[in-house]
Every structure is written in structure tokens, then in C-alpha cells.
Amino acid sequence: ERVLLGRKGSSMKIKCIYALSISIMFIMTACAEPSHTAPSESYSTDSILCASEFSNSGQVELIRNEIQCDGYSSENGFFRIVPRIDGSNNLHFIDYNTKQETIVCNRLECLHTDESCPSWFPFGASAILPIPVGDSLVILHCGNSDFLDTYGSAALAHIELSSPTRENPQIICTFDATSEILTNIGGRQNYARDEENLYFIVQALNPTTPDMPPQRFLYACNITSGKVFRLKSLEETSRIVGAYDDKLVLESTPNSLDVSVDANSLTRQLIILSTSNLQETLINSHPYTWTGRCEDSIYYALTPTSDVVSIDLKTGKVETIIHQAFSSELMNTSYSIYNIYNKCLFGSFALYDEKTMIADQLGFFINIPNRSIEELAFHYSGEFGSVPFLIASESVMDYMVVTGVKRIDITIPISQTESMETYYELNQYAFIDKEDFLAGNTNFTELQNIS
């Protein structure tokens, strides 16, 4: 028993469930389509419409995708990309009701290995993200201009639109070589949706000043019209970190790209952007060293002084929820807040052992309504130490959690004549009742793969 997590001397035992371990994640992704016809291409950068022609559609929702997760959730399930050993990929769907994973292909005789399969995509040179919006599936090909000579226009950032079963796929927009769609590097979500629109950020280099940081722009893709809109220019570090009502919550850290500026002097800004009129309001500035997440109209954060605070994004009011939540021993380690579900804030401390060179991660959650702190009961054995089970998504009753990773060795083409051997870590998932997960009850149902 280790006394670690500790308000007022409380202690707990960590229950470790060890699953398959592997190491660094190398993410190269791609997607698919059923009654297979190759995606038709009908739009280029010239087709991008201006903000004055855009209309939002109802409540805006942040699309969750934490740093270790590999897909995106709809009401009924979870879409993700699974790589093949030759570097190509298949689109998979995890059904929350049956707790089964299938390849998105309805042809019984199909081997899922080439373009005749609706789920198959060739190696794409960049992240390709399957995001459900309404009754459609938007595929963001994020783009990588370094591979233009090898893959041509396929290496350009572009957007596909289809049904969730990949019927009638259509490329609705292709960006030029200076632009890339921002991914979720660093665990920031970066995407939101309403009933008809996907909101995302594009970063673009200015050809006349190539040594300057890329500019960032807010875009929207409408699933009904198939139109893409450039809505607004943003500060160069802006990300989408939350949503409520018809609002997007943007986070930026001015001057953070200047390596001469000390991190302790930086501030994070929380900006509210209305999707109705595209007006921005700076609602809060706080130290860069705070780490937190948004849920609905509240931003929750852990400060270096071990306080848990809430920021009301409608009023700007800051409130201390828990004072000195953790011991100074823990606060001197590397720590982070990595997600929030149902007013429970999840995070971890990295407990580094210099002798073994292992950093066990001590997972915890902060129950905001109860103002209590508990250790997470479940961890798996990773290459560099134990890792807490991470919530990837949720259904009405259950959490879908990462219980380990499986190594897939792959060979990817890096030019017309050269290839590179690497590997991908595929998340292994299980379902558990939400209350059981918090209580530490081992009532898991493993995901079944029936492809």
C-alpha cells in the first residue's frame, strides 16, 4: 500500500490490471466506403465559401478525442481507423449496443485489402479522421505536403463526405499545398459539431513569409449542402477545447511559439466564439501552467499550487472547488488533466524511478459535485510503466476504456522506391458500467472483433 494520493493523509491501494503493453504510437491513418465506388471529386479550394453564406444549426457539441484515443464517437458507436501490415488501412465501427467491432464492409467474400473494399484506404501520408456528424460521416484527410512528390494530390488536405456505411463518398473540398487540417496533437480536441456542421481548424503557411508560424483559420463543413466555409482567422495557437449552446470555446497561448519566452510568464486565454454571428469574447486569462478541460459551459483546472478551480464560461467567474487537493510530493512530479466525463475530472501523476527508468502513472479522478478525490483502480502495464485505463468514449450506461495496446508492425512507403518499417499501437477496448468504473469494480466486457 502506498500513501500517495493525499488529502489529509488519506490512502488507497492501486489495483493493477495488466494488459498487453507496447510503446510509442506512430499514427498514420485512413478510411473507406461500402457499395464501392471511388470518391467522386467535385470541389477544390476555389469552392470554399465565405462566412457570410454560413448558417449554424442548433446546439454545438465538442467532439471528444483524447491524446491516446484513435477514433470518434456517434450516438450509437465509435469509428476508428485500423492499419494493415502493408501501411494501408480499414475503417472499423464499434457498436455500443452489441459491444462488437466490425469492418465497415457488407460484402461477405471481401478480403478488405484493396480499393474494391468499401472500408479500405491506401497509405495516406497523413492523419485521416472519420468523424460522424448527424446522419453522415465526414472524413478529414489532414494533409502532408512533404509527400506531394510521392503521392501527388492524395497528399493534399481534403474532405470526404459519405453515409456512415460509406455509400456515395464524395470529395467536397481539396486544400492547396500550403494548408493542413489541424489534428489533435497534444490531446486537445480541435473539433466540434452541431446538427449539420463540423467545425475544425486549418493552418496555412504564407508563401511570402515561410519562416513565420502558420496562420490558423476556423472552417465549417455542412453535411446537408456539402459546402465548406472559411469562417474566421484565429490567433496562431488557437484550438477548439469546448462547446455549449451555439458557442465554441477556443483556447490560445499568445507568444508560446517564441522559445525565448519562459513558460511561467505565458497565459492561456479562453475565448467564446458564437457560431451565430462569429463574434469573439475573451472570457478568461489564466497562467499557462494550469491544466484543465471543458465540460458544457465550465472549464475545470488544476493549478501548480494544487487547487482545483472552475471557470464559468458564461460569466467569467472563477471559483476554488478544492484547496490544496494533492500533496507537494505529487505536485513536484509530471502531471496532467487529460479528460472530463460527467463532472469527473481525470488525470495522472508520473512517478519516475531513476534506478529502473520506469515512470508509473498514478491515475486519479476528481468528483466535482462531491469535491472528493479518488485513485483510479485500473492500470495496465506499458513499456515505460503502468498506465491508467483511459476513457475513450461513453454510451448511455457504459464507458469504453483503453485496457492495453496491441502492436501492429507495418511497412509504409516513403517514396516511389523506398519504404520504412515501423509499428502502430492499436488500442484494446472494454466496456464497463460508469459507476463500476469509478468504484473500482472489475465488471468489464471485452470488445469483440467479428470482422
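Biologist: What should I know before I start reading?

Modeller: The model is predicted, so local features need pLDDT of at least 70 and side-chain atom pairs count only at pLDDT 80 or more, while totals for chains, interfaces and linings use all residues. Residues are numbered from 1 along each chain as its sequence is written, and side-chain values use heavy atoms, with hydrogens and water left out.

Biologist: How many salt bridges are there, and what counts as one?

Modeller: In general, side chains of opposite charge can pair when their charged atoms come close. Here a salt bridge is a side-chain nitrogen of Lys or Arg within 4 Å of a carboxyl oxygen of Asp or Glu. By this rule there are 14 salt bridges.

Biologist: Which residue pairs with Lys314?

Modeller: Asp245 does, with the closest N and O atoms 3.7 Å apart. Lys314 is in the loop between β24 (308–312) and β25 (318–322), and Asp245 is in the loop between β18 (239–244) and β19 (247–252), so the pair ties together parts that are 69 residues apart in sequence. Strands are DSSP runs of E with at least two residues, helices are runs of H or I with at least four, and both are numbered from the N terminus.

Biologist: Is Lys314 buried or exposed?

Modeller: Lys314 is exposed, at 51% relative accessible area, and Asp245 is partly exposed, at 33%. The cut-offs are under 20% for buried, over 50% for exposed and in between for partly exposed (1.4 Å probe, protein chains only).

Biologist: What about Arg268 and Glu251?

Modeller: Their side chains meet in a salt bridge of 3.3 Å, N to O. Arg268 belongs to strand β20 (residues 267–274) and Glu251 to strand β19, so this pair links parts 17 residues apart in sequence. Both Arg268 and Glu251 are buried.

Biologist: Where does Lys434 lie, and what is its partner?

Modeller: The partner of Lys434 is Glu394, with 2.8 Å between the closest N and O atoms. Lys434 lies in helix α3 (residues 434–439) and Glu394 in strand β32 (residues 390–394), so the pair ties together parts that are 40 residues apart in sequence. Lys434 counts as buried at 16%, whereas Glu394 is partly exposed at 27%.
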